[in-house]
Amino acid sequence: VRHGFMLVGPTLCGKSQIMDVLTTALTHGSPPSPHRIVVMNPKAITDAQMYGVKDLASDEWTPGVFASIWQQKNNRTLKHTSWIVCDGPIDAIWIENLNTVLDDNKILTLANNDRIPMTENCRIVFEVEDLRNASPATVSRAGIIYVSTSDLSWEPIVDSWLLKRLDLGSGRAQEVDVLRPLFDRWLKEPPPDGGPALDFFDWSVRYLKKVMEINDATQVVNILNLLSASLQPMVDSSEVPSRTACLRILAYSVSWGMGGLLDNEERSKFHIKFMEVLQARGDVEAIPPCKESETIFEYVPDWNDRVRSWKLWAPMEWKAPKRLLFSALLIPTVDSVRAEFMMDIVANLEQMRNPPNFRSSLMVGGGGTAKTSTALMYLQKFSLDTMLSKRINFSSATTPFGLQRAIEGEVERKTGKTFCPPGGKRLTVFLDDASMPLVNKWGDQVTNELTRQLVEFGGFYFLEREKRGEFKRIENMQYIAAMGQPGGGRNDVPNRLKSKFLVFNMVLPSTVGVDNIYGSILRARFNPKQSVEASVIATSRELTGATISVWSKVQKMLLPTPAKFHYVFNMRELSRVFQGIMETPLAIVNSDERVVDLWKHECTRVFADKLASDKDKQVVDKIVADVTYDHFGEDLANRCRVVKWWCDFQRDVQTSEDDDDQQAPKIYEPVELWERVQSKAAQYLDMFNERNPAKAMNLVLFEHAMLHLMRINRSIQQKRGSAMLVGVGGSGKQSLTRLAAFTSGHFLFQITITKTYSDVSFMEDLRELYLKAGQRGEAVTFIFTDADIKSETFLEYMNSILATGELVGLYQKDEKDAACAEVRNDFVKDYPGSEENLLNLYQYFLDRLRDNLHIVLCFSPLHPKFAIRAQMFPAVFSAVNIDWFLVWPEDALVAVGAKFLGPVHIDTNKEDRICLYECMGGIHQDVQHVC
């Protein structure tokens with residue numbers, strides 16, 4: 001064997017098996033020559049961590065992972081031959097450093113001038129998908145073995161799986177006899193009326209469009225993993241499945257293995273062709289009893305029936321909890337139930353490399369398809385006695401080191417270099433937004449290279465100086481992941497990572513599904529047990545259908561463009577409408593007219609406030625008005641023709657007898673008199689200036705400023721409510737936020753940027769906010785502007801806070817335990833009877849933090865990175881209410897002129913004064929238009 005060679009080919013083409021077979025043959029050959037394989041991924045670490053780095057100040061040398069492995073394995077005293085396998089993408093940086101190893105010199109030269117020669121009992125192998133970044137100098141030095149997908153195709157994977165079934169017991173032979181010809185008839189033969197298609201896979205490539213590209217072998221692995229998981233109960237009970245049961249289970253597995261990555265329209269095409277295949281092959285027992293508009297994806301074999309009869313997917317009936325917290329509600333749907341089912345059965349399989357099954361699942365889907373909610377519902381079902389869970393949210397700034405720290409923080413040493421979750425339990429890690437890590441200039445996602453190493457090899461290399469080159473094995477782990485659909489500026493994940501997961505698409509729920517979700521919530525809120533009037537209950541039943549109508553029309557009429565990239569209307573918008581309705585006191589919503597008023601206000605806030613022009617806002621106003629007539633009738637629509645504003649700072653301030661603290665009840669209610677709400681805002685402004693003379697604000701509360709104030713106030717008064725204010729500098733974003741926080745009784749915080757302000761300083765400030773909002777339960781408003789972004793990692797932290805509330809590395813273990821101890825009394829009071837363990841207490845701490853910490857982002861649309869950051873940090877834009885500040889109208893400018901010139905003595909009459917104010921406002925507008 002040449003001392004250095006490259007195995008090149010797409011995922012699941014057999015590269016790893018070629019190495020395994022060859023080294024096994026050499027080990028057990030005649031004469032025997034023991035061989036061992038050491039695998040590392042060069043792209044899961046940095047170049048300095050791979051080869052080593054010298055400290056310029058101290059001149060101290062820190063060895064690299066590869067350099068340490070190279071030194072250990074190039075040792076003539078070893079009684080075996082080592083194959084060092086670099087299993088990861090090639091780039092022109094790290095591979096060039098190995099040119100002297102691959103040529104006849106066979107020497108690794110390091111930056112500290114160490115020269116480590118290659119010995120006769122060592123080989124270096126590269127297992128890569130392609131050579132697009134390899135230089136001719138590298139390629140010419142190594143032996144190249146290209147393994148094409150057509151060399152093996154997908155059939156050996158099926159044959160290998162069928163042979164291994166025989167090892168599970170004597171009863172499996174009958175099962176194999178049934179399944180073997182089905183693979184040939186259903187998948188290998190051309191489908192009826194398939195045109196030029198050679199087989200079913202070829203037909204699907206030609207005529208179906210998947211939301212994410214995967215090759216035939218990966219689809220076959222998905223089919224086999226679902227088939228193994230579905231047959232596992234029969235293996236455990238030594239039951240031999242009937243032919244009909246095998247047909248139905250295989251049909252279910254083929255549907256999701258091949259069609260799982262299709263959207264609804266493409267699934268219908270797949271269903272029609274697959275049913276034609278089953279009819280033509282004479283396997284009609286496998287066909288589900290689909291009604292019109294139903295497909296095989298709506299059905300599942302009944303696992304309690306011996307012949308696995310088909311039954312419709314149906315979620316369990318949701319029961320409203322005693323404490324109805326909207327932000328914490330998770331309601332099962334058909335889509336979530338079938339996704340949870342597949343994740344669960346695959347996770348219960350035994351992990352193996354051939355055919356590959358790593359007990360992991362990856363959900364792909366557009367925004368608002370409940371990927372995260374489905375994963376959280378799945379994690380909630382585990383018993384804490386046996387299974388722990390950890391959610392890690394990726395962004396474009398997530399690094400391999402950050403991921404490694406997050407995993408290391410959840411495990412403890414078991415023995416030597418082996419680690420496991422605390423107490424010998426299992427740990428399920430949920431990787432949210434898995435496709436978000438940055439794609440570097442070589443086209444690689446280095447963070448997901450570490451993810452693949454974690455899933456496939458069960459660990460990573462120590463990065464501590466004294467342990468470099470040693471592999472840290474992590475046991476009892478399993479992974480689920482979620483990502484957006486690739487395309488439109490969104491990243492894909494590496495193909496070699498896809499093959500380690502069961503991959504399927506999450507589709508948007510149907511109208512019936514959406515009605516089931518929010519209809520259930522509204523019925524729990526508006527019912528006779530809550531002493532709600534019959535007219536209010538009847539009107540509330542129309543809210544779901546009306547909101548869906550507004551949502552669907554807005555989606556069709558206001559499409560995103562490069563300039564309006566944030567025009568995304570998904571299920572999150574629906575959720576925000578209903579959150580506003582649910583958090584309004586029932587005593588206020590005491591008539592059908594109030595219900596419609598509130599609904600129109602919430603729809604306008606959610607769908608119109610984020611829009612970047614008055615013309616677009618008018619489109620939403622018209623849609624809401626039309627839908628009101630359609631769903632609530634002409635009489636009610638006429639009574640509610642004008643959209644009323646709602647806010648919670650209209651009540652009078654009440655002075656308590658015990659102290660001087662002045663507080664007013666915060667009741668979310670309609671604005672009946674504009675003068676009253678304007679005077680209340682002016683009172684709060686005067687109070688703010690009295691209490692904060694150093695930060696006094698000389699604001700003019702004209703009409704448009706008041707409207708933005710009420711929008712901000714609405715956002716920060718909601719549980720987990722945060723906002724993004726988008727407007728040019730000087731439009732009043734920060735000042736209005738300070739006033740809104742004051743009227744809401746929040747602690748106001750903003751970082752102070754200095755030359756020495758760093759990531760460490762930012763983490764210290766965040767720790768203080770966590771103390772106030774999480775431990776003490778105080779409401780906090782955190783103003784964060786684009787001028788405060790000294791480093792892009794600041795936005796990475798904000799992304800994590802908005803997505804999960806958790807920051808990796810913010811707390812050490814003892815600090816985390818202390819925070820849990822601080823909230824114990826409140827936890828016992830809020831959740832009597834719940835177990836007081838650290839996991840429950842920490843989750844309570846995070847939930848309270850997310851409820852009380854309200855982030856207000858003040859960004860300028862003119863910033864060159866504004867649109868880029870929307871792609872890099874998705875939660876920063878999707879987890880907030882966007883309020884777009886348009887150009888101030890002329891009456892607002894006139895009001896400002898009147899405010900500042902009013903005290904100035906001008907020798908003229910009142911009419912001329914007014915003309916002067918109007919002239920100033922007009923000139924200001926003319927300059928804006930011209931310039």
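Guide: Let us begin with a term: a crossing is called left-handed if the near helix is turned anticlockwise from the far one by less than a right angle, and right-handed if it is turned clockwise. Please keep in mind that this is a predicted model.

Visitor: At what angle do helix α18 and helix α20 pack, and how far apart are their axes?

Guide: In general, two packed helices are described by the angle between their axes and the distance between the axes. Here helix α18 (residues 511–525) packs against helix α20 (residues 543–557) at about 135°, and their axes are 9 Å apart. That angle makes α18 oblique to α20, and the crossing of the two is right-handed.

Visitor: Which residues of α18 and α20 meet?

Guide: From α18 come T511, V514, D515, Y518, G519 and L522, which meet L543, T544 and I548 of α20.

Visitor: In what order do the 4 strands of the open sheet stand?

Guide: Strands of a sheet pair through backbone hydrogen bonds, either parallel or antiparallel. In this open sheet the order is β16-β17-β20-β19, with mixed pairing. The edges are taken by β16 (412–415) and β19 (459–461), each with a single partner strand, so one side of each has no neighbour in the sheet. From one strand to the next, the twist averages 35°.

Visitor: In which sense do β16 and β17 pair?

Guide: They pair in the antiparallel sense over 3 bridges, and R413 has F419 in β17 as its bridge partner. Helix α16 (residues 446–457) lies across β19 and β20 (471–474), running at about 125° to β19.

How values were computed
Residues numbered from 1 in each chain as written. Predicted model: local features only at pLDDT ≥ 70, side-chain atom pairs only at ≥ 80, totals over all residues. Heavy atoms only, no water. Axes fitted to C-alpha atoms, helices over the stretch in contact; angles between N-to-C directions. Parallel < 35°, antiparallel > 145°, perpendicular 65-115°, else oblique. Contact = heavy atoms within 4.5 Å. Pairing = 2+ DSSP bridges.
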